[in-house]
Every structure is written in structure tokens, then in C-alpha cells.
Amino acid sequence: MNQPLLSLTQAAWRIRRYALRMGEVQGQGYIGQALGWADVLAVAYGHALKLRPADPEWEGRDRFLLSHGHYAIAHYAALIEAGVIPESELDSYGSDDSRLPMSGMATYTPGMEMSGGSLGQGLVIGVGMALALRLKGNPAFVYNSMSDGELDEGSTWEAAMGAAHHGLGNLICLVDINNQQADGPSGKVMGFEPLHDKWAAFGWHVQRVDGNDLPAVLAAFDTARALTEAKPRVILCDTLMGKGVPFLEQREKNHFIRVDPPEWQQALAILDQNQPQGALA
């Protein structure tokens with residue numbers, strides 16, 4: 001394994017571990033999503049994003065929008081990994097006066113660009129940000145991280161049309177296709193396939209990858225950033241909820257997980273047994 005890929009593998013492992021440690025603080029949370037989305041976040045924050053950890057509001061930064069605000073625990077883990085948030089705050093997750101509330105809030109957390117929760121809003125905001133950056137001559141990218149459940153929202157597809165209409169080559173959308181919503185399998189709540197063809201028909205450059213295959217995710221990010229065509233880019237990522245912890249991967253419903261106290265340590269022990277070389281906790 002080459003050094004960049006090894007570093008990202010280590011980062012994804014630490015992101016999963018940070019998320020589990022935060023989940024243990026509250027005894028519950030959107031842990032399945034955090035474990036499944038960790039590889040994408042590792043590539044985003046460990047490779048693709050331009051940022052200054054000590055200056056989260058640096059004007060030249062790439063913007064990362066957490067449209068699915070309930071993935072906040074995953075995003076905090078990535079921000080800790082990136083050095084934007086100190087690891088010492090991890091134990092405050094979800095507590096009163098914490099900078100790490102259970103749903104993403106831009107007013108509380110450094111590096112959180114939008115307050116999520118009402119699904120289908122991130123891509124709308126991302127279109128506006130990408131337009132504004134282009135008008136200002138700022139070469140930064142806007143990344144919108146969203147869930148497959150947000151494909152049910154009409155605002156998502158209105159924004160997709162708007163992005164293509166304006167030729168927003170500085171906009172990259174990341175879709176977590178874990179096929180699970182609060183009410184059941186995403187594809188049964190509202191059929192969304194064929195996704196590749198739909199996004200392409202809306203005028204986007206489309207890639208679909210295994211979101212838990214780090215080399216594939218890395219290549220997709222590089223391709224999306226390197227395109228010279230004036231069109232928005234989407235990376236459709238098929239992921240496995242609970243990835244890395246087999247007894248969580250196998251749960252029939254893991255949209256929101258309540259974990260028995262001993263299971264948190266069991267999950268951490270499983271991760272530690274598969275610790276990548278050099279990945280210190």
C-alpha cells in the first residue's frame with residue numbers, strides 16, 4: 001500500500017473510532033452512518049479539501065456542507081481528525097453548552113458551514129455558495145454531503161437543475177447511498193434508481209463508486225476536481241452502514257442506533273483488532 005493510501009486508511013480508522021467514542025458518551029446516535037461514511041470523509045479531509053485548521057473561516061477554504069445534519073457525529077470525527085476541533089472536546093458530545101450538538105449547527109461548531117436537519121437544503125445552499133464564489137473570483141470548491149433519503153426532496157432536484165444551468169464546475173455533490181431511512185429501506189420509501197442516468201440527464205458529470213473502497217473514492221475525488229468542463233459533479237457512493245463493526249453491519253435497522261453499554265467497548269475492540277499500521281488512537 002502506498003503512503004498516501006495508507007495515511008487515508010489510518011485516518012478512516014481514527015474517524016470511526018472517534019465516532020464510536022462520542023456515541024458511547026450518549027449511548028446512542030447515528031453511528032451506522034458515521035462508520036459507513038468514514039472513508040469518504042477521510043478522503044475529503046485528508047486529501048481533497050483546502051483548509052486551514054487554525055482558521056476555519058479562511059476565505060480561500062473549500063466549503064464542506066453537511067446537508068444531512070444528523071451525520072454530525074461523523075463530521076465532528078472528521079473535524080477532529082483534521083485538527084479543526086481538539087480531541088479533548090470529544091467527551092462533551094451532545095451535552096449542554098457543547099460545541100458538538102447532536103445535529104449539525106453552524107453557530108456552534110468550527111468548520112460547520114451550515115445548520116442541517118431539514119433534509120434537501122444542502123444542495124440548494126451549495127448552488128448559492130458556488131455561484132457567489134465564482135462571482136468573487138474565488139477558486140474554492142463547494143462540497144455538498146447528502147444522504148440518499150434527500151433524493152426524495154424536490155428541492156434537491158431543483159438545485160440540481162440550477163447547478164447545471166449555471167455551469168457550476170466548482171460544485172461537487174457527495175451522495176451516501178446506504179439504502180436506509182428512518183421509515184425503512186430508501187429504495188422502498190421512494191424508488192430512486194437509475195441514479196447515474198438521472199443525474200446525467202440533469203446535466204451533471206456522474207461517477208458511482210463503492211464508498212467503502214478507499215482507492216476508488218480517492219480516484220473519484222481526483223477526477224471530479226480535475227475536470228475542466230463547466231458542469232457540476234456528483235459522486236454516488238454505495239456504502240455499508242456500520243462498516244468495520246460486523247455486529248452493527250448486520251443489524252436490520254441501524255438508521256439510529258441504541259447500543260447496550262458493553263457493546264461500545266466491544267465495537268472499539270473490533271476496530272482496534274483491525275488497526276492499520278501506524279494508526280495511533
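**Exercise 1.** Work out in which order the strands of the open sheet lie and which strands form its edges.

*Solution.* Five strands make up an open sheet, ordered 2-3-4-6-5, with parallel pairing. Strands (E, at least two residues) and helices (H or I, at least four) are DSSP runs numbered from the N terminus, and two strands pair if DSSP finds at least two bridges between them. Strand 2 (63-66) and strand 5 (205-210) are the edge strands, each pairing on one side only. This is a predicted model, in which local features need pLDDT of at least 70 and side-chain atom pairs count only at pLDDT 80 or more, while totals for chains, interfaces and linings use all residues. Residues are numbered from 1 along each chain as its sequence is written, and side-chain values use heavy atoms, with hydrogens and water left out.

**Exercise 2.** Find how many bridges join strand 5 to strand 6, and which residue stands opposite V209.

*Solution.* Strand 5 and strand 6 (residues 233-238) run parallel and are joined by six bridges. Opposite V209 stands C237 of strand 6.

**Exercise 3.** Describe how helix 4 packs against helix 5.

*Solution.* Helix 4 (residues 122-136) and helix 5 (residues 154-165) have axes 8 Å apart, at an angle of about 20°; axes are lines fitted to C-alpha atoms over the stretch in contact, and angles run from 0 to 180 degrees between N-to-C directions. The two helices are therefore roughly parallel, a term for angles under 35 degrees. In the contact (heavy atoms within 4.5 Å), helix 4 supplies L123, V124 and V127, and helix 5 supplies S155, T156, A159, A160 and A163.

Technical notes. Angles under 35 degrees count as roughly parallel, over 145 as roughly antiparallel, 65 to 115 as roughly perpendicular and the rest as oblique.
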